[in-house]
Amino acid sequence: MPDETTWNGRLSVRIDSDPPQSFSAGFDLRGSAHTGELQLTSPLGNTLATVLWSPQGAELRQGQQVTARNSLDQLTTELSGTSLPVAAMFGWLQGQPSKDTQGWQADLARQPEGRVTARRTAPLPAAELRIVFQP
């Protein structure tokens, strides 16, 4: 991928669904909002899942299991019950607000310290994403 951007750190997601869901993992984020890869890892460094996306669609790989959908939003919604702003993370990690985030609002005040928090109150369920990374 030309001009590939790579970010890594830890992220956590909390979704105020019924029942509430939460998830945290290490991450490696590569590519761009249009074509990229997000690898999620356990505290011991084992790969939990890899998400790949392009204009042609998105897929989740967990071991030998592959889940493919038409878009990244469709895939994250099916997996978590809400659309997660994976593509917007590229701008947020660079300290830039993103316009197309389905209601997510990013707090970028601590981005220079390697911390970004994003919240969504509408549409429901409410959700929060916290990212800690190497700036």
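Mentor: Residues are numbered from 1 along each chain as its sequence is written, and side-chain values use heavy atoms, without hydrogens and water. Because the model is predicted, local features need pLDDT of at least 70 and side-chain atom pairs count only at pLDDT 80 or more, while totals for chains, interfaces and linings use all residues.

Trainee: Why is Thr-41 called buried?

Mentor: Buried means under 20% relative accessible area, with exposed over 50% and partly exposed in between, using a 1.4 Å probe and protein chains only; Thr-41 has 14% relative accessibility and therefore counts as buried. Its place is in strand E3, strands being DSSP runs of E with at least two residues and helices runs of H or I with at least four, numbered from the N terminus.

Trainee: What makes E6 and E7 edge strands?

Mentor: In the open sheet of nine strands, the order is E6-E5-E4-E3-E2-E1-E9-E8-E7; E6 (65-69) and E7 (104-107) each have a single partner strand, so one side of each is left without a neighbour in the sheet.

Trainee: Which residue classes make up the lining of the largest pocket?

Mentor: The lining has 17 nonpolar, five polar and no charged residues, and its largest share, four residues, comes from H1.

Conventions: Nonpolar A, V, L, I, M, F, W, Y, C, P; charged D, E, K, R; others polar. Pairing = 2+ DSSP bridges.
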